[in-house]
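Please load the model and keep the selection tool at hand.

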Amino acid sequence: MNALLLTLLPSAGGMLLLAAIARYRWAAPLNLGLSILGFTGSLWLAHEVLTRGLVQAPGLRVDVLNAPLLVLTAFVGMTTAFFSLRYMAQVVRAHRIGRSSRRLYHSLYQAFLFTMLLALATDNLGILWVAVEGATLATVLLVSLYRTPESVEAAWKYFILCGVGIAQALFGTVLIYFAAQQAIPDPAQGLTWSVLHQYAPRLHPTVMSIAFVFALVGYGTKVGLVPLHHWLPDAHSEGPAPISALLSGLLLNVALYAVLRLKVLADAPLLAAGHPRLTGYLLMGFGLVSFLVAALFLQRQQDIKRLFAYSSIEHMGLATFAFGLGGGLATFAGLFHMLVHSLTKSSLFITVGHATQVAGSQRLQHIRGLLQTQPALGWGLLLGAVAIAGFPPFGLFTSEFLLISATLDRWPFLSLLLLSGLAMAFAGIFRQLHPVVFGEPPAAQRPVRASLLPVAMHLSLVLWLGLSVPPVLAGWLDQATHLLAGVDAFGGLQ
Amino acid sequence: MTLLALPLQEQAVFVLAAMVLFTSFLLLAQTRLVTSIHTFAWQGGLVAAITALMAWSSDAPHLYLSAALTLGLKALLIPWMLHRLVRRVELDRHTESLAWPAATLLGGAGLVLFSYWVVLPIEHLELAATRNIVAISLSVVLLGMLLMVARRQIVQEVIGFMSIENGLFLGAVTTAHGMPLVVELGVAFDVLVAAILFGVFFLQIRESIESLDADRLDRLSEREPEA
């Protein structure tokens with residue numbers, strides 16, 4: 001309970017407090033301080049979950065599925081706040097944003113963090129929806145922070161597409177509540193996930209399947225699943241880099257988490273009705289299409305942030321496909337992929353953010369020879385790209401390897417598509433990044449004061465996870481796999 | 001079971017729900033911006049009336065609160081804000097020429113049929129009455145989306161967005177007697193924040209493209225210019 005409060009309250013208070021603080025010199029360190037406090041809370045929370053298995057408070061519930069995601073969210077929130085110190089100082093020096101925007105930025109940063117933590121921690125499907133929609137509302141003004149015509153357009157697109165998309169998820173939620181009225185003893189608890197989960201086999205299968213489709217379309221818009229992804233590259237490329245890091249590293253995960261919670265609820269009645277694979281096929285289809293389409297679109301990007309935005313769609317598609325494939329191994333791979341992708345992608349957006357400041361442009365052809373201009377930044381970008389492409393010994397290799405093994409076992413011919421998609425994505429990213437890292441730098445390119453500590457932290461974590469998964473995390477992921485798929489991750493292999 | 005055999009309150013709910021659907025079609029065909037805002041306000045008022053009726057007939061006092069909330073937000077506050085904004089950006093005499101009026105309305109009718117087809121399998125649950133209402137609320141949601149696609153005006157897109165919310169709320173109230181109170185308050189809060197943000201955006205968009213025409217928001221696309 002106290003740990004939950006320490007996790008959620010700093011960001012909740014922070015959004016009000018920082019709205020009141022006008023001086024940038026105080027607001028930015030305070031933003032970092034609050035994020036550190038939240039991260040401490042999440043570590044304490046993780047410890048509680050470890051010792052007690054479950055932490056509950058009225059309306060909130062942290063179990064093995066959301067505990068690692070909560071720690072991850074608080075961690076990336078903290079490191080990105082650290083990055084934002086220097087990045088935004090540069091932005092302020094260049095007079096790209098006005099006084100009111102500076103205040104808005106930090107307040108909305110904490111609001112965004114709070115809505116994501118709330119969405120992860122809540123036990124109520126309605127609150128989950130409110131929080132995910134709240135995350136959209138908190139970020140639209142951050143996407144249009146620079147007030148350029150492009151950023152305003154990107155924010156408007158983001159607002160409208162995600163707003164309409166997420167409305168479908170609310171319809172799905174209403175249908176679940178409707179189905180719950182007939183199935184559970186206390187109808188007022190009809191949106192409480194733990195109660196619904198307990199009585200899941202009694203829910204009406206047809207209503208639940210319609211509800212799942214609506215929820216998948218709704219939350220899938222926020223995951224960035226093709227063909228609902230159009231907002232994603234625009235919002236990622238036009239917003240400030242710290243926000244791109246949070247959007248890509250965290251928000252997509254939160255939306256996918258919502259889909260997973262609902263999948264568990266829909267699977268039980270559909271199993272009883274004789275359609276055990278319906279939700280799985282939907283996720284597989286959406287995931288595979290997103291993965292392949294994004295891998296193709298990667299090839300023709302000319303903006304470095306759009307390039308990595310498409311790479312996010314690709315990886316979220318891969319994770320979605322893994323959950324759709326089902327079974328212990330693939331589900332474990334999907335969960336693990338969510339964690340390592342989030343760490344890698346946010347580190348990439350940090351280096352990319354500084355790289356655009358070095359070159360003064362986001363266009364790939366204007367950024368050249370980072371290794372010469374600022375070697376540390378160049379290495380950060382290069383190692384991040386190596387990790388995101390799924391090379392050993394980084395963590396993404398592990399998850400992709402597990403996923404392809406699971407695919408070979410159950411749908412052998414699909415593993416060909418997966419392998420060719422991975423090769424295409426690799427080619428797309430490296431062809432574009434090679435001159436950015438190794439080329440001859442233009443004369444005007446100057447190093448900036450960069451904060452590379454977050455990058456080092458993220459990448460060494462991804463490396464560690466690739467070499468050996470710590471037993472605590474493995475245990476959690478194993479139990480979460482059991483919750484999602486009903487079987488142990490490595491049960492079939494031993 | 002014929003609809004006439006239902007108790008009187010339920011019949012009244014049906015009539016009101018049908019009128020909500022009718023206002024959705026009116027929004028679809030309306031060319032004058034100010035009239036659209038008024039129609040949207042009427043739709044919010046009708047949804048609030050249905051909520052109040054449900055509260056009275058099913059003896060659920062917390063629904064009175066959501067009825068008041070709907071009336072205040074959807075029928076009064078948001079239309080008033082839109083009205084003020086439209087006057088501020090001097091669009092109050094704006095009329096729009098519809099590109100394909102007949103096709104749009106026929107498409108709308110098709111969406112209503114589609115909604116009935118989607119909810120067809122739910123029939124053996126409870127009563128046929130619920131199925132009708134679910135179909136109507138789904139239709140209102142889909143018509144709102146059609147409105148957003150068919151119109152080029154940003155204000156009209158906002159009206160479409162908000163009428164989607166109306167449809168969702170109608171579904172929640174009539175099928176399940178409203179959501180739990182915390183959730184309803186949260187949703188209302190989100191809608192309010194969204195309405196305020198729309199206001200901010202009108203001004204930002206007008207500043208950046210000097211128009212509120214969504215067609216002119218076309219700078220970002222995959223066809224990048226060769227610089």
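Begin with A:His95, which sits in the loop between α3 (66–93) and α4 (99–121) of chain A. The model is a predicted one, and the backbone at this stop deserves attention: A:His95 is not a glycine, yet its phi is positive, at about 55°. Display the surface around the residue next. With a relative accessible area of 67%, A:His95 is exposed, since a value over 50% counts as such.

Now move to chain B and select B:Asp59. This residue belongs to the loop between α2 (33–57) and α3 (62–88) of chain B. B:Asp59 also has a positive phi, near 55°, in a residue other than glycine. Its relative accessibility is 65%, and B:Asp59 therefore counts as exposed.

Return to chain A for two stops at peptide bonds. Select A:Val226 and A:Pro227 together: the peptide bond that joins them is cis, with an omega of about 5°. The loop that holds A:Pro227 runs between α8 (205–223) and α9 (231–238) of chain A.

The next selection is the pair A:Pro392 and A:Pro393. Here the peptide bond from A:Pro392 to A:Pro393 is cis, and omega is near 5°. To place the pair, colour the helices on either side: A:Pro393 is in the loop between α15 (375–388) and α16 (395–410) of chain A.

How many of the 494 residues of chain A count as buried, as a percentage? The share is 67%. Turn next to the contacts within chain A: among those between residues at least 6 apart in sequence, 81% join residues at least 24 apart.

For the last stop, show the accessible surface of chain A, coloured by atom type. This surface amounts to about 15,700 Å², and carbon and sulfur atoms account for 67% of it.

Methods
Residues numbered from 1 in each chain as written. Chains lettered and ligands numbered in written order. Predicted model: local features only at pLDDT ≥ 70, side-chain atom pairs only at ≥ 80, totals over all residues. Heavy atoms only, no water. Buried < 20%, exposed > 50% of the residue type's maximum accessible area, 1.4 Å probe, protein only. Contact = heavy atoms within 4.5 Å. Areas by Shrake-Rupley, 256 points an atom, 1.4 Å probe, with all protein chains shown as cover. Helix = DSSP H or I, 4+ residues; strand = E, 2+ residues; numbered from the N terminus.
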